Amino acid sequence: MSEGLPHPLGATWDGLGVNFALFSANATKVELCLFDANGERELERIELPEYTNEIFHGYVHDARPGTVYAYRVHGPYAPEAGHRFNPNKLLLDPYARAHVGELKWDPAVYGYIQGHKKSDLSFSDVDSAPYMPKCRVVDPAFTWGRANNPRVPWERTILYELHVKGFTKRHPAVPDEMRGTYAGLGTQEVIDYIRAIGVTSVELLPVHTFVNDEYLVQKKLHNYWGYNTIGFFAPDPRYAMSPDFAHAEFKQMIARLHDAGLEVILDVVYNHTAEGNELGPTLSFKGIDNASYYRLLPDNPRYYINDTGTGNTVNLSHPRVIQMVTDSLRYWVDEMHVDGFRFDLGTILAREPHGFDEQSGFLKACSQDPVLGGVKLIAEPWDLGPGGYQVGGFPPGWAEWNDRFRDTMRAFWKGDLPVREVSDRLCASAQVFNRRGRKPWASVNFITAHDGFTLNDLVSYNDKHNEANGEDNRDGHDNNHSWNHGVEGPTKDPKINAQRERTMRNLLATLLLSQGTPMLLAGDEFARTQKGNNNAYCQDNEIGWIDWNICKKGDAMIRFVQMLTRLRREYPILRRGRFMTGEWNEALEVRDVTWINANGTEMQESDWDDDNMRCFGMLMDGRGQETGIRRRGRDVTLLFVLNAYHDIVEFTMPDCTDGKHWKLLFDTTEPEMTREQSFDIGDAYTVTGRSALLFRLNA
């Protein structure tokens, strides 16, 4: 060994040996532990010889890719002062590119003695190495070939949220040994299907290495979603056909998706780790430098600030922690070629000791970063801390999940909400996002996501049914704005099933034809079910996996979704890069959007104030200004009609300059029209109760 360098952090092979570098501001000594290829037998311990700028480092000559390693870190064990160093506990490198083995839950992985009268103040001297996963040095070499990042413009983006394992675990076209893996997601049949739907960007639930919670293992369940990260640089080997080569398999999946023109967005969890609170295990950060990596109570640092609801909160106020997160993000972009990130509990990342701050250190670091500035950044803009709900509060350059769109549209189509709030949601929630030069794409609209009901279950259940989670149905959201249409769960009643299918089409049409960035949950396009479970986080089984045994109803739904995505592609007015305001443009003598009453006239203030109003039209004028340049647009004019009333409404086709006829593009009552229908201005169209329609203006 020689001194090596304090940078880059992690284990870096240079062709001759490996440089090891580990940050710790409060440790007194760091030992590098080398293991056999399987990570079962410790071969050697080497003290890292040098300490520079709070980084321990050393260079091991002749070490090479495949080397299995971990650390033991010495320092004070003083929980009441925020320090939990314990060299008996083997620790994972925060910068590890690959992990070997799985965590085995045992009292040895805890830094204290479980059951001791002093609880976490006690000190465990049992070696945790036999029960711990290890790290592996990787060779980053990979031939990317001709595949390039698709770089889909935000205005054209349609997100498709899926789970790597659950998407292919039951897919009939995927070979058995590849099901549920990165390789399975990269098979041609799977990619062809995703492309055929019309989406542009695949958003993967967490693939960073994570651990199964001990309480779930005891109940013979698993952390299926993966929101329990322990390695921010390593693709989880459980999703690899060949776990020892997960790194390369992930890259191959990315290359194949890119070759098909599909972007890959990662759902990332930098807000907390799998180490929990003071009673949690010591796996990595807690034993390396607890006081730096986590937010601790200022007046009692024995305990953790829990703004995440998981026991701990990562300390994004510390410069080295910010560096770790941004290094991780750049790594996944530069080395793994991903196209963007969705940040779980994103408010945490912008939280300083005084609360949420859109000028936080992390957000500043991202805003000026030349690598991160070129990829998609999407925040889940809420957490459990004070002032944690921040929809619309992120700075320019960020998109945000818009749960207001979800709740508004669900309530409207259920018949519980008048039209005033709906109009703003159709226009990318301009009242929330139209500031500081932000664009409509900043609003990521969704009806369903992994967390909650599927689309089918949303229209089939009034209540959640999470009994399989083993928590007596107490977990999961209660306020779902769901509606079973008369029967709880599956039914053979053809009338109820027809109503449910139409409501699903209404919700899908609203999602894909609204301004903003739509996100579709995988399987919703053919009405998959989770049997009423709205919190399937621990269901690594047929509840959580997609069933590809698609019936005729599902095939019809797929065709409807394909039609909607095609319309969004064909008509740029459905994906404007400029907020629609409805204001009269004096210079151009045009209004970009006009709200139409069922009598064919422009809605008045009394209409907006009518709590019984359930049917209206959104007239999007193609002549409206498209960009900052003051000139009329050349788009097609469209009329989107929504009727959440339970009965028919006679809707008068409105007058509009430069057109005489309205052509019906679709009606959710008759999703597969067999004949073309056109209507003159002033004609009445009988709009079925609870249905949505789209018309195009023709000369």
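How many cavities of 30 Å³ or more does the count come to? The count comes to 6, a cavity being a set of points on a 1 Å grid over the protein atoms alone where a 1.4 Å probe fits but cannot get out. The model is predicted, so local features need pLDDT of at least 70 and side-chain atom pairs count only at pLDDT 80 or more, while totals for chains, interfaces and linings use all residues. Residues are numbered from 1 along each chain as its sequence is written, and side-chain values use heavy atoms, with hydrogens and water left out.

- The largest cavity holds about 160 Å³ of space, a volume being the space filled by probe spheres set on grid points that are joined across faces, edges and corners.
- It is lined by 16 residues, of which H163, L521, R528, Q530 and G544 are the closest to its centre; lining residues have an atom within 4 Å of a point.
- β12 (159-162) and α1 (164-168) are the elements that give two or more residues to this lining of the largest cavity; helices (H or I, at least four residues) and strands (E, at least two) are DSSP runs, numbered from the N terminus.
- The second largest cavity holds about 70 Å³, and its lining includes R410, W413, K414, W483 and L507.
- Helix α9 gives the most to the lining of the second largest cavity, with 3 residues.

**Salt bridges**

- The structure holds 37 salt bridges, each a side-chain nitrogen of Lys or Arg within 4 Å of a carboxyl oxygen of Asp or Glu.
- R72 pairs with D127, with the closest N and O atoms 3.0 Å apart; R72 is in strand β7 (residues 68-74) and D127 in the loop between β10 (99-100) and β11 (134-136), 55 residues apart.
- R72 counts as buried because its relative accessibility is 1%, whereas D127, at 31%, counts as partly exposed; buried means under 20% relative accessible area, exposed over 50%, and partly exposed in between (1.4 Å probe, protein chains only).
- E380 and R342 form a salt bridge at 3.1 Å between the closest N and O atoms, and both residues are buried.
- Within helix α9, D403 and R406 lie 3 residues apart, about one turn of the helix, and their side chains meet in a salt bridge (3.9 Å, N to O).

**Helix α3**

- In α3 (residues 188-197), the buried residues include V190, I191, Y193, I194 and I197.
- These residues lie on the same side of α3 because they cover an arc of only 160 degrees around the axis, taken from the directions from the helix axis to the C-beta atoms.
- G198, which follows α3, has a positive phi, near 105 degrees.

Methods
On a 1 Å grid over the protein atoms alone, a cavity is a set of points where a 1.4 Å probe fits but cannot get out, and a pocket is an open set with protein on both sides within 12 Å along at least five of seven lines; lining residues have an atom within 4 Å of a point.
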